[in-house]
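This briefing covers helix packing, the nonpolar core and a few individual residues. Please keep the sequence and the 3D view open while reading.

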Amino acid sequence: MSEEQAPDPDETARKLFSGPISFLKSAPGLQFLPDADVLEVAFAGRSNVGKSSLINKLTNRNGLARTSNTPGRTQELNFFDVGEPLRFRLVDMPGYGFAKAPKDIVRKWRYLVNDYLRGRPVLKRALVLIDARHGIKDIDREIMKMLDEAAVSYHLVLTKADKIKASELAAVTAATEEEARKRPAAHPDIIPTSSETGLGIDQLRKAVIDAIG
Ligand SMILES: Nc1nc2c(ncn2[C@@H]2O[C@H](COP(=O)(O)OP(=O)(O)OP(=O)(O)O)[C@@H](O)[C@H]2O)c(=O)[nH]1
Ligand SMILES: [Mg+2]
């Protein structure tokens with residue numbers, strides 16, 4: 001008796017993320033011209049929330065995106081082209097909202113992010129990362145508003161879930177979900193993750209694949 005084995009969607013997604021990766025860093029003042037045929041998913045969130053760590057975990061490559069204890073490490077857009085057979089691009093965005101950020105950096109961030117987000121047909125989804133210990137802050141609402149206005153659909157992703165108790169994670173997930181439901185461009189499902197334990201990583205890979213079709 002032979003049984004047809006349905007492909008495991010987690011395994012399929014893992015394979016798509018494990019191909020060759022090339023890296024392109026935006027230079028200041030560069031126009032971020034999209035490649036018409038390469039779809040993008042952008043990682044946004046407060047400084048130090050864990051954007052770069054999550055990209056490393058998703059692609060299973062330590063040190064691909066630079067991580068740091070110093071908030072504000074990533075100040076440009078970093079593009080990671082994931083290779084065969086499905087080509088897509090992960091975009092590591094500069095973090096927002098770190099204390100003591102000089103005004104000119106904040107202004108630069110706004111210009112950069114606004115320029116990048118608006119009218120970019122290849123940008124299929126943004127992942128807005130929220131620290132599970134803190135929940136959504138006003139500064140996160142600012143970027144959610146930008147995304148709502150630019151009609152870029154986004155997924156709210158909780159990070160550093162390993163740092164809190166399961167009951168606290170359940171509470172912050174519910175609160176985040178409630179807020180997401182009121183947002184026109186937000187996906188209703190919240191994805192709790194940890195780059196330490198790997199929680200939610202398979203789910204997040206599937207969300208990315210889903211977004212790029
Ligand atoms: N415990 C724990 N620590 C994490 C996790 N994700 C990231 N970190 C730590 O948080 C710090 C910041 O992580 P990054 O990935 O550099 O954060 P970022 O959002 O890219 O920061 P910027 O580039 O400054 O905007 C690092 O010290 C990471 O090791 C996680 O899931 N769990
Ligand atoms: Mg970073």
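Helix α3 (residues 103-117) and helix α4 (residues 138-150) have axes that come within 10 Å and cross at roughly 30°. The model is predicted. The points below are grouped by topic, starting with this helix pair.

**Packing of α3 and α4**

- An angle under 35 degrees counts as roughly parallel, and α3 and α4 are therefore roughly parallel to each other.
- The crossing of α3 past α4 is right-handed.
- On the α3 side the contact is made by V113, N114 and L117, and on the α4 side by M146, L147 and A150.
- Sorted by class, this contact of α3 with α4 contains five nonpolar residues, one polar residue and no charged residues.

**Packing of α1 and α6**

- Helix α1 (residues 9-17) packs with helix α6 (residues 201-212) at an angle of about 70°, and their axes are 9 Å apart.
- Angles of 65 to 115 degrees count as roughly perpendicular, so α1 and α6 are roughly perpendicular to each other.
- From α1, the residues making the contact are P9, D10, A13, R14, L16 and F17. From α6, they are D202, R205, K206 and I209.
- By class, the contact of α1 with α6 has five nonpolar and five charged residues, with no polar ones.

**The largest nonpolar core**

- In soluble globular proteins, nonpolar side chains tend to be buried together.
- The largest nonpolar core has 49 residues, of which F43, A44, L127, V128, L129 and V157 touch the most other members.
- Strand β5 (residues 123-131) gives the most to this core, contributing six residues.
- Leaving out residues up to four places away in sequence, V157 touches L127, V128, L129, I130, I191, T193 and L204.

**V91 in strand β4**

- V91 belongs to strand β4 (residues 88-92).
- With 23 other C-beta atoms within 10 Å, V91 is buried, because 20 or more are enough to count as buried.
- Residues touched by V91, not counting those up to four places away in sequence, are E40, V41, A42, F43, L77 and F79.
- V91 and S52 lie 39 residues apart in sequence, and their C-alpha atoms are 9.7 Å apart in space.

**Helix α2 and the residue after it**

- Eight of the nine residues of α2 are buried, so this helix is largely enclosed by the rest of the structure.
- The buried residues of α2 are K51, S52, S53, L54, I55, N56, K57 and L58.
- Just after α2, N60 takes a positive phi of about 60°, although N60 is not a glycine.
- N60 lies in the loop between α2 (51-59) and β3 (78-82).
- N60 is exposed, because 12 other C-beta atoms lie within 10 Å and 12 or fewer count as exposed.

- K160 is a residue other than glycine with a positive phi, near 60°.
- The loop between β6 (154-159) and α5 (166-181) holds K160.
- Is K160 buried or exposed? K160 is buried, with 22 other C-beta atoms within 10 Å.
- In summary, N60 is exposed, whereas K160 is buried.

Note on methods. Residues are numbered from 1 along each chain as its sequence is written. Chains are lettered from A and ligands numbered from 1 in the order in which they are written. This is a predicted model: local features need pLDDT of at least 70, side-chain atom pairs count only at pLDDT 80 or more; totals for chains, interfaces and linings use all residues. Axes are lines fitted to C-alpha atoms, for helices over the stretch in contact, and angles run from 0 to 180 degrees between N-to-C directions. Helices (H or I, at least four residues) and strands (E, at least two) are DSSP runs, numbered from the N terminus. Angles under 35 degrees count as roughly parallel, over 145 as roughly antiparallel, 65 to 115 as roughly perpendicular and the rest as oblique. A crossing is left-handed if the near helix is turned anticlockwise from the far one by less than a right angle, and right-handed if clockwise. Two residues are in contact if their C-beta atoms, placed from the backbone, lie within 7 Å. Ala, Val, Leu, Ile, Met, Phe, Trp, Tyr, Cys and Pro count as nonpolar, Asp, Glu, Lys and Arg as charged, and the others, Gly among them, as polar. A nonpolar core is a set of buried Ala, Val, Leu, Ile, Met, Phe, Trp, Tyr and Cys residues joined through C-beta atoms within 7 Å.
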